[in-house]
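This report describes selected local features of one structure. The sequence and the model are shown first.

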Amino acid sequence: MTTTTHARGPDATTTAGGLRPLLRLMANQPVRYPISLAVWTLNWTWPVMIGVIAQQYFDGLDGTSADQAGWTLVTVVIALGAYLLVRLAGIFFGMWWHARLLFRAGAGMQRSMLRRIFALPGARPVRESPGEVVSRFRDDVEHTTEALDLSVDFTGSIVSATVSFVLLARIDPVLAMVAFAPMVVVLLVVWTLANRIRRYRESARETTEAVAGFLGETLSATQSIKVNGAERPVLDRFARLNDRRRVMMVRDRTLTAATDAMGQTTGTVGTGLVLLLAAGSLARGGAAGLSVGDFALFGILLAHTSFAAFFIGTFLARIRQAGVSFDRMVDLMDGSTWRDLTVHSELEESLPVPTAPATRVGVVDRVDAPLLAVRGLTHVHPDAAGGIHDVDLQVERGQLVVVTGRVGAGKTTLLQTVLGLLPAERGTIAWHGRTVDDPARFMVPPVAAYTPQVPRLFSMALRDNLLMGTDGDDERLWAAMDTATMTRDLATMPDGLDTMVGPRGMRLSGGQVQRSAAARMLVRGAELVVFDDLSSALDVETEAALWARLFDVDEPATALVVSHRRPALARADHVVVLEAGRVVARGTAAELRRTSAAFRELWG
Amino acid sequence: MIPVRAYLALLTTHLREHRARMALLAVLVLGDIAVQLAIPQVVRTIIDDALAGTATDRLVWLAGMVVLAALAHMGLAVAATRVAEEVGWRATNDLRADLADHVLHLDLGFHKQHPPGELLERVDGDVTALSNFFSAMVVKVVGNGVLIAGIVVLLLRESWLVGVTLGVLVGLGILAMGRLHAIAVPWWRRQRAVAAETFGQLGEQVDGTEDIAGNGGGRYMQERFADQLRTWMPLHVRGWMGWALMWGTSEVLQVLLLVAVFVLGAWQLDVGTMTVGTVYLVLNYAEMVGHPLHEIREQMQDLQKAGASIARVEDLLATPTALPPAGTTPLPTGPLGLSLTGVGFAYHDARPDDGTEPKGDAPRVLHDIDLEVPAGRVLGIVGRTGSGKSTLARLVTRLYDPDTGHVRVGGVETAEAADLRDRVAMVTQDVQLFRATVRDNLTFFDPSIDDARLVEAVATLGLDDWLATLPDGLDTRLGGDGVGVSAGQAQLLAFTRVFLRDPGLVVLDEASSRLDPATEAWLERAVDGLLRDRTGVIIAHRLGTLERVDDVLVMADGRVVEHGPRERLRADRDSRYAHLLATGLEEVLT
């Protein structure tokens with residue numbers, strides 16, 4: 001988890017156990033945070049007044065003390081009323097103010113993470129499964145904002161403990177120190193337990209993720225499991241993972257309970273110690289010893305301060321857990337540091353527009369330069385298998401270029417690398433003869449648009465799915481849908497373009513999703529369309545119609561496609577045959593039939 | 001308010017196994033309460049004795065008891081949490097296992113309606129809310145409830161007036177909190193709903209980065225997410241204000257209690273019915289009420305949430321499968337013949353989301369299908385999308401039962417067969433792989449399949465070359481941080497799964513639609529091996545896939561429109577098969 005941090009050197013990136021990003025989150029709200037801090041310090045310190053009121057009450061009672069006056073009962077009751085008013089104001093304002101502050105802090109981190117994810121190569125931005133990513137956005141953000149939340153409690157409890165100590169020390173400094181000793185001990189114990197707390201929390205989370213991950217996959221694979229009769233072994237494995245999680249969870253919770261209990265008990269222990277030392281002097285009262293009022297003050301302030309000590313302990317433990325969460329979030333944002341995670345952004349504002357594309361569109365340098373020219377393009381998969389090597393390729397305006405080859409030949413990888421969805425290790429991509437510096441930013445509409453092999457839609461209206469932020473009226477949408485052979489389907493949908501497609505487009509059939517994704521690509525009016533095995537979920541007739549509408553027209557699309565379908569190969573102006581990531585043959589289909597053994601092997 | 005009865009009803013059987021632990025838990029919780037109640041009593045004695053001038057020895061001894069009691073309270077509280085968590089997790093793990101088992105055995109119609117994410121939330125998310133329920137309920141709510149009751153009883157012993165007054169105040173406080181809680185619940189519910197929506201959208205965005213990045217939609221999606229957060233914030237704040245309401249109420253209660261203690265104490269001291277030590281005791285108990293009330297309040301949200309979770313879990317457990325359990329008749333060995341007579345079918349699972357019965361009849365997707373595939377022959381099925389091919393496959397593998405007519409495998413009705421899952425295999429286009437080792441992916445986590453058999457199956461399929469490139473062989477992890485698998489390789493892995501089971505009837509549903517022709521040819525050689533001495537049903541959009549089948553079945557709109565030996569249909573120029581061949585071949589390279 002922290003290996004990447006080590007590799008980059010500790011100074012630039014270490015989160016100092018979560019403290020540095022936490023301080024940054026505070027600095028991001030330079031007005032709101034101090035106000036929160038002030039209100040919550042008041043909220044923590046104000047209950048000390050209860051102790052003072054009780055002290056005055058007991059000292060005012062008959063027979064408790066000869067020389068101390070104390071307050072009358074009426075004064076005590078009025079004081080309690082005043083106390084309550086301030087208390088309620090502090091609670092309501094504090095909660096209202098603080099809730100917004102914390103939400104903003106969390107939202108800022110979530111937006112940073114999402115921004116980073118979209119800045120990474122689109123085909124494989126993160127190693128984590130979507131479920132794990134959501135867990136970082138939800139749980140880890142919660143853990144870190146919780147630490148931010150506790151930071152005001154931490155400050156408040158320190159102030160409150162200090163005020164309590166001063167009040168008690170004015171009565172008897174030695175007694176005050178003895179009474180506070182258990183709290184100091186607890187703080188030290190929690191401090192030394194910090195690493196263990198962090199470790200336990202990490203294993204609990206890991207085992208939880210393992211359970212959720214396996215269950216998620218199982219539920220996605222129900223049909224396979226059923227037809228393979230594999231219910232029993234799958235359930236056995238689920239039970240084993242659950243058992244591992246139980247052990248880790250119980251361990252984690254017990255340790256948390258132990259630190260909680262230590263914090264909460266110290267007040268009573270302190271009170272016991274005060275009695276141990278001073279019980280004999282209660283009778284004497286006043287200057288000679290402890291009055292009952294003084295003892296009440298000790299009792300109440302110690303109870304309150306032990307609550308404070310509990311928070312100090314909790315905060316120290318939580319900040320370590322937050323450190324784990326910060327690391328996990330930074331880990332998700334491959335190539336970033338905690339500084340990028342906690343960068344300031346106001347929720348009301350849009351993120352800054354990225355700087356202009358690396359190469360301008362529409363400036364034709366050389367008249368004879370092809371629209372797209374790829375030279376020596378190389379991408380090596382991290383896991384060694386697959387990848388493409390030294391691929392040359394060009395697409396002229398109006399051409400259909402088909403990439404074909406057997407499974408694992410690198411066809412999809414080639415498209416993804418050309419589009420910057422995967423990083424290229426070597427090679428150049430030129431557009432109108434000009435080198436493209438950053439394909440990921442450049443090869444997007446209006447230059448290029450794309451439909452992947454297994455396209456995804458998103459849970460919003462069909463219209464929003466097609467437009468995804470570009471401008472376009474219904475006429476344009478219908479035209480794109482028509483080219484994508486979707487109009488007949490669209491006519492059967494009662495809400496038409498306003499149809500909600502459901503999570504991941506699940507309310508549509510596989511073929512409808514594929515054709516809608518094609519329309520999404522077409523509606524962008526890009527100069528080049530790129531698609532991967534578009535017709536895999538279509539029947540023969542629909543497929544034939546689709547190819548005809550795309551290419552048997554007056555102004556056919558300029559297209560770079562992966563396909564091994566006859567309708568595609570027959571129309572192709574140029575076919576590139578890949579084998580093990582390298583181009584082994586190129587030409588028209590008819591030429592290849594004569595010249596390429598590889599092509600004949602594919603097509604018999 | 002707190003769904004204790006529903007919880008117990010759901011988990012009684014699972015909790016019963018942990019009776020010894022639960023008894024221990026009761027002892028620990030009650031012991032802890034006794035200790036907490038005793039401490040103020042000792043302090044009272046110390047104050048009164050000190051004011052009366054008792055010898056210091058006795059006072060020191062009593063004060064030492066206070067310190068020891070405080071330490072005992074700490075130990076008991078930790079022990080109680082540990083035992084409660086243990087019971088809670090063990091019992092709910094049993095429930096998780098039951099639920100997962102139940103869900104896996106539910107019919108496909110159910111799974112089509114409930115996406116994996118939703119079921120995950122129910123089988124694990126909801127149940128996790130319940131694992132916290134037990135320890136929170138026993139230790140925090142019941143334990144603290146008993147503590148409060150104990151305080152009131154002990155106060156009554158001192159003075160009925162004080163006891164009644166404080167008891168009534170606490171009662172009113174709890175009532176008020178209940179009222180305010182009911183006001184706040186909808187606020188919390190809305191905030192959770194918007195949270196679920198936000199993370200649902202996020203999940204699919206992260207899953208679709210390729211689509212988004214490739215079409216320049218990144219900024220749009222980020223803005224959409226920000227909009228969602230902007231909608232969420234006011235609801236989040238309101239949720240917090242719900243908690244402020246509860247907290248404020250408990251502060252009011254605390255001050256009222258103090259006023260009562262101070263006024264009644266001063267008066268009773270005046271008339272001589274209380275000592276100063278007793279006034280202090282009453283104050284102590286009044287202060288002690290605050291913390292348990294606070295803890296009970298803190299648990300309310302979780303426990304309430306558990307109510308919804310319990311309802312969902314119960315719902316899920318009560319969902320019947322449309323498929324009765326497997327029968328008892330063993331299937332014959334060797335290749336299995338297939339016969340369909342008068343088979344009709346409609347998907348009845350398109351029930352509306354609100355749980356009402358579907359309006360009208362579900363449209364029929366299969367009409368009166370008669371079909372005979374003798375043992376050992378291979379049948380190819382073609383037809384447009386929606387013609388019923390895949391549905392037919394699902395009836396043969398008994399993912400559904402037919403509405404009318406009979407599906408028989410090896411002469412046995414599918415619903416009667418005892419070992420249908422072992423003897424009838426299917427490969428679909430959509431292969432699901434686990435983030436697990438190659439071995440686990442091939443055996444579906446069945447440890448009884450030995451490596452020798454695995455290696456043999458892998459070699460038969462020609463996957464051995466690929467296996468040799470893997471860093472850890474069969475122990476290589478797939479997906480996630482592990483090795484990636486192409487769609488074609490996934491298909492081959494799925495084929496290996498089938499090989500391992502040695503079935504008598506194999507259904508290939510569009511198994512080769514995403515493979516290139518060379519791989520397909522390679523795969524079909526393996527399929528030839530698989531289908532040797534077995535019955536086969538191959539479904540494809542692609543005519544090439546059918547080149548080696550014995551018989552061809554053409555389907556349209558849920559009916560058989562043509563069925564016969566392939567060679568005969570090919571020779572007949574008027575046959576649909578011949579026509580389809582011609583359409584397909586128009587595209588052939590010239």
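Which residues does A:I197 touch, not counting residues up to four places away in sequence? They are A:D252, A:L255, A:T259, A:A317 and A:Q321, where contact means heavy atoms within 4.5 Å.

## Basis of the description

This is a predicted model, in which local features need pLDDT of at least 70 and side-chain atom pairs count only at pLDDT 80 or more, while totals for chains, interfaces and linings use all residues. Residues are numbered from 1 along each chain as its sequence is written, chains are lettered from A and ligands numbered from 1 in the order in which they are written, and side-chain values use heavy atoms, with hydrogens and water left out.

## A:I197 and its helix

A:I197 is placed in helix α8 (residues 173–220) of chain A. Helices (H or I, at least four residues) and strands (E, at least two) are DSSP runs, numbered from the N terminus. With a relative accessible area of 5%, A:I197 is buried; the term buried stands for under 20% relative accessible area, exposed for over 50%, and partly exposed for values in between (1.4 Å probe, protein chains only). The C-alpha atoms of A:I197 and A:E475 are 61 Å apart in space, and the two residues are 278 residues apart in sequence.

## Nonpolar cores

A nonpolar core is a set of buried Ala, Val, Leu, Ile, Met, Phe, Trp, Tyr and Cys residues joined through side-chain atoms within 4.5 Å. The largest one has 129 residues, and the members that touch the most others are A:F58, A:F295, B:I46, B:L166 and B:F262. Helix α9 (residues 276–318) of chain B gives the most to this core, namely 17 residues.

Beyond four places in sequence, B:F262 touches A:I53, A:A54, A:Y57, A:L73, A:V76 and A:L80 in chain A, and B:L283 in chain B.

## Packing of α6 in chain A

Two packed helices are described by the angle between their axes and the distance between the axes. The axes here are lines fitted to C-alpha atoms, for helices over the stretch in contact, and angles run from 0 to 180 degrees between N-to-C directions. Helix α6 (residues 73–119) of chain A packs against helix α7 (residues 130–171) of chain A at about 145 degrees, with the axes 9 Å apart. On the α6(A) side the contact includes A:H98, A:L102 and A:M109, and on the α7(A) side it includes A:V133, A:F137 and A:L148. Its residues divide into eleven nonpolar, five polar and two charged; Ala, Val, Leu, Ile, Met, Phe, Trp, Tyr, Cys and Pro count as nonpolar, Asp, Glu, Lys and Arg as charged, and the others, Gly among them, as polar.

The axes of helix α4 (residues 32–45) of chain A and α6(A) come within 9 Å and cross at roughly 145 degrees. Among the residues making the contact are A:Y33, A:V39 and A:W40 of α4(A), and A:I91, A:F93 and A:W97 of α6(A). By class, the contact of α4(A) with α6(A) has eleven nonpolar, five polar and three charged residues.

Leaving out residues up to four places away in sequence, A:T41 touches A:T155, A:G156 and A:V159.

A:F311 is found in helix α11 (residues 292–332) of chain A, and is buried with a relative accessible area of 16%. A:F311 touches A:W44, A:L150, A:D153 and A:S157, with residues up to four places away in sequence not counted. Its C-alpha atom is separated by 9.5 Å from that of A:Q264, which is 47 residues apart from A:F311 along the chain.

Helix α13 (residues 411–418) of chain A is mostly covered, with seven of its eight residues buried. These are A:K411, A:T413, A:L414, A:L415, A:Q416, A:T417 and A:V418. A:G420, which follows α13(A), has a positive phi near 75 degrees.

A:T558 sits in the loop between α19 (540–551) and β8 (559–562) of chain A. A:T558 is buried, its relative accessible area being 7%. A polar atom of its side chain lies 2.8 Å from the backbone nitrogen of A:G398. Apart from neighbours within four places in sequence, A:T558 is in contact with residues including A:L371, A:V395, A:G398 and A:L528.

## An exposed loop residue

B:A52 lies in the loop between α2 (19–51) and α3 (56–105) of chain B. Its relative accessibility is 64%, so B:A52 counts as exposed. B:A52 and B:A97 are 65 Å apart in space, C-alpha to C-alpha, and 45 residues apart in sequence.

Key: Polar contact = N/O pair within 3.5 Å; in protein donor to acceptor, adjacent residues only side chain to side chain.
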